[in-house]
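Please keep the structure in view while going through the numbered points.

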Amino acid sequence: MTALSSSGRGPLRLAALACAALATGALAASGVTGLEPRAAQASSHREAPLISGQPQYDNTDVYAFVSPDKPDTTTIVANWLPFEEPAGGPNFYSFADDAQYDIHIDSNGDAQGDLIYRWTFKDHVKNGRTFLFNTGPVTTLDDPDLNITQTYDIDVLRLRNQRVTSTTKIADDLPVAPSNVGKASMPDYQTLRDQAVRRLPGGTTAFAGQADDPFFLDLRVFDLLYGGDLSEVGNDTLKGYSVNSIALQVPTAYIRQSQKQPIVGIWSTTQRRSAGGHWTQVSRLGMPLVNEVVVPVKDKDKFNASHPWNDGDFLPFVTQPELPKLIEGIYKIKAPAEPRNDLVSVFLTGVDKLNKPPHVRPAEALRLNTSVPPSAEPKRLGVLDGDNAGFPNGRRLSDDVLDIALQVVEGELLGQKNDLGDAVDQNDQKFGSSFPYLALPEAGSRGTVAKGAGTKVSQDGLLTGGASSAAGSDATTTTLVVSAVATGVGVLLVGLGLLWWRMRRRTSYS
């Protein structure tokens, strides 16, 4: 029995010793190279527990503004799938094909949608026998080398008392702009973006595809409000990450009630098909930062599954917000007196004489007064800085919503003037001047070719782990030597372990 027991444990001990030896070699090598993955970041987009595990269905932001270059139209942008790492292949980022991505329009302020624009997506694979997203350089959206593609339909649903009265298909099998794999795969991504912008009947323009995340802010605010040290603010946490975007530019007359009542409420939702074939709402977003920093954890999933006409359930979280108390506790800035009816006007009803519709029912939605013309020189603080075309009158891509929200939460509208902010005042990439206005997504490759330097890389770079044979490469040579030594030590330890195990077996059987 002793012999059998010893023999049974031998392989386990040997496996453990082998793993330790190889790990020792790997750690030694990695310690020299200094290579490490990009640090994980917190996300304001991950606003509720359940949806944080379903990124394809997770709304991140909604934008709505009078189009600056076409002021008789309104542009709506909604984003999903937060924190897309550019080099996230070979399975790059796609919309879910079992979801309904909806943008809701309330044209009379009753917190019920009168129009729904609905996107549904289909997957297409040309060659399932390769792992490649693209099998060669892609120059057009119908390029045969683009192996994995998506198309989408758009339906317009008209509703009355939350019942669909008509459905009209306005787009059929339009192409989605793919993830930006890199310069070698997509040498001219702007062309692909341009080809994905499609004009539809009736003066509507549509786009769906990957884009640079337009939200800019320092998300270390969730680390107990920067740990009480505001000297560390100023890092755009979303820099370098992408999202999946849908964008629509529509004649304003089509979505508003009338010229006399030009204010619309806008929000987005995601519905997912259950195993039984039923559609269930799993995500909802209108105003930024509400579900993240206003609604408590116990009600976040409820909020995502709810509808605006039930938002009275969440009113106490707005009139008695938690955030000002946290700021007072950490920074000793006195919290404004409650109830916070000023926050109700910003986040639930619209601001009086600006974007508050008559007979409004309080609900969380972006409210846009479409009669306010676009600003020639937009100001990042929007209405707080006298620019009535900006947030909270709708939301432009360039509006600094975190600074605006912080200042409003700390009583700016109550006369408690402050200049709170995260020191991130603009996006890391410039927005476009025409639809869809979004910046291009970050390319998956980041080397000299990706940067357009045109530098030819030696073919032996791959074989030597990128080591250069030119003089002056002492650091790289040292890396290779130490890596080799570390690997040799690992192999030696494995060999000693094997010798030890064989000797134990002989002893046990003897």
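How many aromatic pairs does a search of the whole structure find? The search finds eleven aromatic pairs; rings of Phe, Tyr and Trp (its six-membered ring) pair if their centres lie within 6.5 Å, and planes under 30 degrees apart count as stacked, over 60 as edge-to-face and the rest as tilted.

1. Basis of the note. The model is a predicted one, in which local features need pLDDT of at least 70 and side-chain atom pairs count only at pLDDT 80 or more, while totals for chains, interfaces and linings use all residues. Residues are numbered from 1 along each chain as its sequence is written, and side-chain values use heavy atoms, with hydrogens and water left out.

2. Overall make-up. The chain has twelve helices and twelve strands; helices (H or I, at least four residues) and strands (E, at least two) are DSSP runs, numbered from the N terminus. Of the 510 residues in the chain, 48% are buried. Here buried means under 20% relative accessible area, exposed over 50%, and partly exposed in between (1.4 Å probe, protein chains only). Among contacts with a separation of 6 or more, 66% join residues 24 or more positions apart; a contact means heavy atoms within 4.5 Å.

3. Two aromatic pairs. Phe65 and Tyr437 form an edge-to-face pair, with 5.6 Å centre to centre and 70 degrees between the planes. This pair links distant parts of the chain, 372 residues apart: Phe65 belongs to strand S1 (59-66), and Tyr437 to the loop between H10 and helix H11 (460-463). Both Phe65 and Tyr437 are buried. Phe92 and Phe133 form an edge-to-face pair at 5.1 Å centre to centre, with 65 degrees between the planes. Phe92 lies in the loop between strand S2 (73-84) and strand S3 (99-106), and Phe133 in the loop between strand S4 (115-125) and strand S5 (148-160), 41 residues apart. Phe92 counts as buried because its relative accessibility is 17%, and Phe133 is buried because its relative accessible area is 9%.

4. Other ring arrangements. Ring pairs link Trp80, Phe95, Tyr101, Phe121 and Tyr152 into a cluster. Charges also sit over rings (NZ of Lys or CZ of Arg within 6 Å of the ring centre and within 35 degrees of the ring normal). Arg284 lies over the face of Phe303, 4.3 Å from the ring centre, and the charged end of Arg395 sits over the ring of Phe215, 4.7 Å from its centre.

5. Helix H9. Why is helix H9 (residues 341-349) described as largely enclosed by the rest of the structure? Seven of its nine residues are buried, so the description applies. Among the buried residues of H9 are Leu343, Val346 and Phe347. The buried residues of H9 pack against helix H5 (290-293), helix H7 (315-319), S12 and H10. Gly350, which follows H9, has a positive phi near 95 degrees.

6. On a 1 Å grid over the protein atoms alone, a cavity is a set of points where a 1.4 Å probe fits but cannot get out, and a pocket is an open set with protein on both sides within 12 Å along at least five of seven lines; lining residues have an atom within 4 Å of a point. The search of the whole structure finds four cavities of 30 Å³ or more, and about 60 Å³ of space lies in the largest cavity. The lining of the largest cavity includes Phe303, Leu315 and Leu348. The second largest pocket has a volume of about 400 Å³. Its lining has 21 residues, with Pro68, Pro378, Arg396, Ser398 and Gly432 nearest the centre.

7. Backbone details. The peptide bond from Gly89 to Pro90 is cis, with omega near 0 degrees, and Pro90 lies in the loop between S2 and S3. The peptide bond from Glu338 to Pro339 is also cis, with omega near 5 degrees. Lys353 has a positive phi of about 65 degrees although it is not a glycine. Lys353 lies in the loop between H9 and S12, and counts as exposed because its relative accessible area is 81%.

Note on methods: Points joined across faces, edges and corners; volume = space filled by probe spheres on them.
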